[in-house]
Number of protein chains: 2
Amino acid sequence: MKTRDKILLSSLELFNERGERNVTTNHIAAHLAISPGNLYYHFRNKSDIIYEIFLEYEKLVDYYLDIPEDRPLTLDDMMFYLESVFDGLWSYRFFHRDLEHLLDGDRRLRQDYREFTDRCLDAISRIFEKMAEAGIIEPQSDELRSAMSLNVWLVITNWMAFLKTAHASEESANLTLTELKQGIYQVLTLEVPYLTAAYRERVLVLREKYRPQLPEAREAELPVGKTVGWNAI
Amino acid sequence: MKTRDKILLSSLELFNERGERNVTTNHIAAHLAISPGNLYYHFRNKSDIIYEIFLEYEKLVDYYLDIPEDRPLTLDDMMFYLESVFDGLWSYRFFHRDLEHLLDGDRRLRQDYREFTDRCLDAISRIFEKMAEAGIIEPQSDELRSAMSLNVWLVITNWMAFLKTAHASEESANLTLTELKQGIYQVLTLEVPYLTAAYRERVLVLREKYRPQLPEAREAELPVGKTVGWNAI
DNA sequence: GACTCCCTAGAGTATATACTCTAATAATAC
DNA sequence: GTATTATTAGAGTATATACTCTAGGGAGTC
């Protein structure tokens, strides 16, 4: 593999593991056992590395969210979109963590990310539209669908932050893809009230598969009777 | 005012304006025209300053989210909760921005924040329960209410990040409290499908007041026909 | 005046971090 | 083989940042 690609790969790996803020260019070079000079031969600066990684991320999600216009959507499609988006989120999970700071430091990235968000919101909205056409959910006004789509986006992009800050018992307890995908449960929760009678039960069954599991550690930690919120069932 | 309090006040101000990451203890001291030594006489380190600010934030939100158990909830109560929570979010807006990093650097804060989240989720859930009792929304199963509450929390705590990353046209364009409160529109969107016939119209009218306004600049920027998502109505 | 206690100044330090510069080596073209 | 280009090493640098240390001022008390 070319050094340039190795740098991108290692950077992504380290960013995901430790957070962009905690990974220096020297760390990346050391991790690859190359010199800092070598790294800076391939990339002008750290922002450039991050930008390249973003382009990959963008490409991946755009690929996933390509919506077929020649046929109706199915439940399988919907689940594929959800699974795929969370897979993408997982692979580039450092990105949404320090998003604000990353965008502050790079105009290009800021602009591109904004357009990326718009495309995603558009895609989500289109998916809902086609789901209504397919009779999976009740039709919604444009206005409601847009607002709903935005809420879906908010839940998707911030589910991980919630897990890392509010959920994980200790910083050592690292996140797993399985836990991340419990975000699908939350997204489907948004859809529940709109499901048609014909599909309601089927979707609820699918949703159940993603229901968050109580980590033993956490349950034991909380005083009896004080368990609250999403895990209190 | 005591120097200690001045430090807390200035820190909060600077953190909110520039982000915790971009504000050093030296900046804070300089901003107050005091010496670094003086600052460190009052606080052992930066984490301690942040922790103290968190305690204030926590106290404020706990105060806002105190739920009266001796009477039913009204629509006014609900709007008060929403307004208050977003006011709190605004006053301490630096906090959720760098949350993950802040928690990484302070065990105490991590633990406290987790309990704080649990209390908030509990409060949100209780509010929904009482709103159902008051006939504002249809009753929900415990499971659905918990999942809903968590979605409300996700939307509330991440609305600002969305505004700053995806919405604002330029980094120079600073956020206003009014824009932040458009998050209330998003939260009410979550409630829409559960509203009872008796209250539906009244809530929709309230919700309308928070509907995001299209900033002129933004509209002009986007190619015609490509406007998407939440602002495309 | 002298003592004490609280507060403050400001120079200084250890460490980190993004990035540069020069020289050398490997790969390729002719 | 030789010239050229692409790649790499590694020491080095400028700047920033969290934090320390010592000296001393001011106010109250006896």
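## Surface and fold of chain A

Chain A exposes about 10400 Å². Carbon and sulfur atoms supply 52% of that area. The model is predicted. Of the 233 residues in chain A, 54% are buried.

The secondary structure is helical: 13 helices and zero strands. Take contacts between residues at least 6 apart in the sequence of chain A. Of these, 70% join residues at least 24 apart.

## Confidence

Mean pLDDT for chain A is 91. A value of 70 or more is reached by 89% of its residues. Residues 217-233 of chain A are another matter: there pLDDT stays under 50. For this stretch the model has 27 contacts beyond four places in sequence.

By residue class, the surface near DNA strand D divides into six nonpolar, 10 polar and one charged.

## Phosphate contacts and the helices behind the surface

Two side chains of chain A have an N or O atom 2.8 Å from a phosphate oxygen of DNA strand D: A:Thr3 and A:Tyr41. Chain B takes part as well.

Which elements give two or more residues to the surface near DNA strand D? In chain A it is helix H3 (36-42). In chain B they are helix H2 (25-32) and helix H3 (36-42). H3 of chain A provides the largest share, five residues.

A:Thr165 is found in helix H9 of chain A, which covers residues 142-167. Is this residue buried or exposed? A:Thr165 counts as buried because its relative accessible area is 6%, and the cut-off for buried is under 20%.

What does A:Thr165 touch? Leaving aside neighbours within four places in sequence, A:Thr165 is in contact with B:Leu99, B:Glu100, B:Leu103, B:Tyr113 and B:Arg114. Within chain A, a polar atom of the A:Thr165 side chain lies 2.8 Å from the backbone oxygen of A:Ala161.

Terms used: Residues are numbered from 1 along each chain as its sequence is written. Chains are lettered from A and ligands numbered from 1 in the order in which they are written. This is a predicted model: local features need pLDDT of at least 70, side-chain atom pairs count only at pLDDT 80 or more; totals for chains, interfaces and linings use all residues. Side-chain values use heavy atoms; hydrogens and water are left out. Helices (H or I, at least four residues) and strands (E, at least two) are DSSP runs, numbered from the N terminus. Buried means under 20% relative accessible area, exposed over 50%, partly exposed in between (1.4 Å probe, protein chains only). Contact means heavy atoms within 4.5 Å. Accessible areas come from the Shrake-Rupley method with a 1.4 Å probe; for residues, only the protein chains shown count as cover. A polar contact is a pair of N or O atoms within 3.5 Å; within protein, one must be able to donate a hydrogen and the other to accept it, and residues adjacent in sequence count only if both atoms are side-chain atoms. Ala, Val, Leu, Ile, Met, Phe, Trp, Tyr, Cys and Pro count as nonpolar, Asp, Glu, Lys and Arg as charged, and the others, Gly among them, as polar. pLDDT is the predictor's confidence in each residue, from 0 to 100.
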